[in-house]
Amino acid sequence: MGRLTGRTCIITGGAGGIGAATARRLCREGGQVVIADILLEPAEALAAEICSQGGDAIALHLDLGDPASIAALIGDTLAHYGKLEVVFNNGAATQPELLNRDGAAGEMDIDVWDTTFAVNARGTMLMIRHALPALIASGNGAIINTSSGAALLGDLARTAYAASKAAINTLTLYVAAQYGKQGVTCNVISPGMVPTANSRANQPEMIRMVERHHLTPELGYPEDIAAMVALLASGDGRFVTGQILRVDGGVSKAFAHVADNRAQFAAHVASTWGTGAP
Ligand SMILES: NC(=O)c1ccc[n+]([C@@H]2O[C@H](COP(=O)([O-])OP(=O)(O)OC[C@H]3O[C@@H](n4cnc5c(N)ncnc54)[C@H](O)[C@@H]3O)[C@@H](O)[C@H]2O)c1
């Protein structure tokens, strides 16, 4: 028996990156997993891989920007598994052709703003809205949303992406307050830099730049986010709700000068005390 045995879980954006790592993890812990993605082929390949290893997963098409597609996903999940306990809202409009046009507010293209919000913010809200009746009926439902450190600090670009993630943070607090008494937890994970096939291809310089600001020896792996999702999705997370959980290698918890001054500080410690610096 795994921690997720008997729990049916939907993962949006489950075909790649963090979503795929989470699908493997939740299935290893005994969950029945619906891998929902706008890219059906890789979602089906992942479901086949999981099933070939004894897991229980199916792939379903989902376009988070299309309200009818979201309603159909919940309906098809209930038709297949008959119940729903966990929703991991992980999918986001991360396509490079969109992100590369998401710049400063002064040049914001209305289409970039609206598409980003339709997929990320409205998509997350509609997933919750359609899933809630089944989650409440389960008696112990869990909603895990996905934000970004970008939602909590200012930056030079990706304005629409960051603002849409801030909307997800606030949505999380409201859903936690509104449905906690009906047995549904709602939390949001704010990942640090977690290189995936997608982000390695799209933002190699960004990855190099931010790596030294993380307090951990290396950047996160999709499996590090999957581990937190598994906890929140299971009974182990039953007393955790309304939280913005920063699974980010501490990047948000130290001044920027820590990364810049490490070498200088090490030299000072060595010359003063003859010991190694932290
Ligand atoms: N990887 C990181 O460093 C990082 C950091 C902070 C936050 N995040 C967040 O984590 C989540 C996963 O990120 P990732 O790096 O694994 O991204 P990814 O680009 O590898 O995966 C996103 C998935 O969402 C799917 N998707 C895109 N548009 C969709 C739509 N309209 N409907 C349904 N599915 C759609 C994609 O096909 C893809 O499988 C995202 O919400 C992202 O914003 C990631």
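Two strands are taken to pair if DSSP finds at least two bridges between them. In this predicted model, strand 1 (residues 8-12) meets that criterion with strand 2 (residues 32-37), to which five bridges join it in a parallel arrangement.

Strand 1 is mostly covered, five of its five residues being buried. In a regular strand the side chains alternate between the two faces of the sheet. Strand 1 divides in this manner: Thr 8, Ile 10 and Thr 12 point one way, Cys 9 and Ile 11 point the other way, and all are buried.

On the side of strand 2, Thr 12 has Ala 36 as its bridge partner.

Strand 2 in turn pairs with strand 3 (residues 56-61) in the parallel sense, over six bridges. In that pairing Gln 32 stands opposite Asp 56 of strand 3. The chain passes from strand 2 to strand 3 by way of helix 2 (residues 40-52), and this β-α-β crossover is right-handed.

Strand 6 (residues 184-191) and strand 7 also pair in the parallel sense, over four bridges, with Val 188 opposite Ile 244 in strand 7. The two faces of strand 7 contrast in cover: Leu 245 and Val 247 form the covered face, whereas Ile 244 and Arg 246 form the uncovered one.

## The ligand and its surroundings

Which residues are closest to the ligand? Of the 27 residues that surround the ligand, the closest are Asp 37, Asn 90, Thr 94, Tyr 161 and Asn 198. By class, the shell has 11 nonpolar, 13 polar and three charged residues.

| Residue | Protein atom | Ligand atom | Distance |
|---|---|---|---|
| Ile 38 | polar backbone atom | nitrogen | 3.4 Å |
| Lys 165 | polar side-chain atom | oxygen | 2.8 Å |
| Val 194 | backbone N or O atom | oxygen | 2.8 Å |

On its own, the ligand has 830 Å² of accessible area, and the protein covers 92% of it. Helix 1 and helix 6 (159-179) are the elements that give two or more residues to the shell around the ligand.

## Individual residues

Ser 164 is located in helix 6. Is Ser 164 buried or exposed? Ser 164 counts as buried because its relative accessible area is 0%, below the 20% limit for that class. The side chain of Ser 164 makes a polar contact of 3.0 Å with the side chain of Asn 120.

Thr 124 has its place in helix 5 (residues 110-138). Its relative accessibility is 4%, so Thr 124 is also assigned to the buried class. Thr 124 and Ala 21 are 103 residues apart in sequence, and their C-alpha atoms are 20 Å apart in space.

Gly 235 lies in the loop between helix 9 (222-233) and strand 7 (244-247). With a relative accessible area of 46%, Gly 235 is partly exposed, since that class spans the range between 20% and 50%. Gly 235 and Arg 3 are 232 residues apart in sequence, yet 7.2 Å separates them in space, C-alpha to C-alpha.

Arg 158 occupies the loop between strand 5 (141-146) and helix 6. Most residues other than glycine have a negative phi. Arg 158, although not a glycine, has a positive phi of about 60 degrees. Its relative accessible area is 23%, and Arg 158 is therefore classed as partly exposed.

Conventions. Residues numbered from 1 in each chain as written. Predicted model: local features only at pLDDT ≥ 70, side-chain atom pairs only at ≥ 80, totals over all residues. Heavy atoms only, no water. Buried < 20%, exposed > 50% of the residue type's maximum accessible area, 1.4 Å probe, protein only. Near = heavy atom within 4 Å. Polar contact = N/O pair within 3.5 Å; in protein donor to acceptor, adjacent residues only side chain to side chain. Areas by Shrake-Rupley, 256 points an atom, 1.4 Å probe, with all protein chains shown as cover. Nonpolar A, V, L, I, M, F, W, Y, C, P; charged D, E, K, R; others polar. Right-handed = clockwise from strand over helix to strand, strands pointing away.
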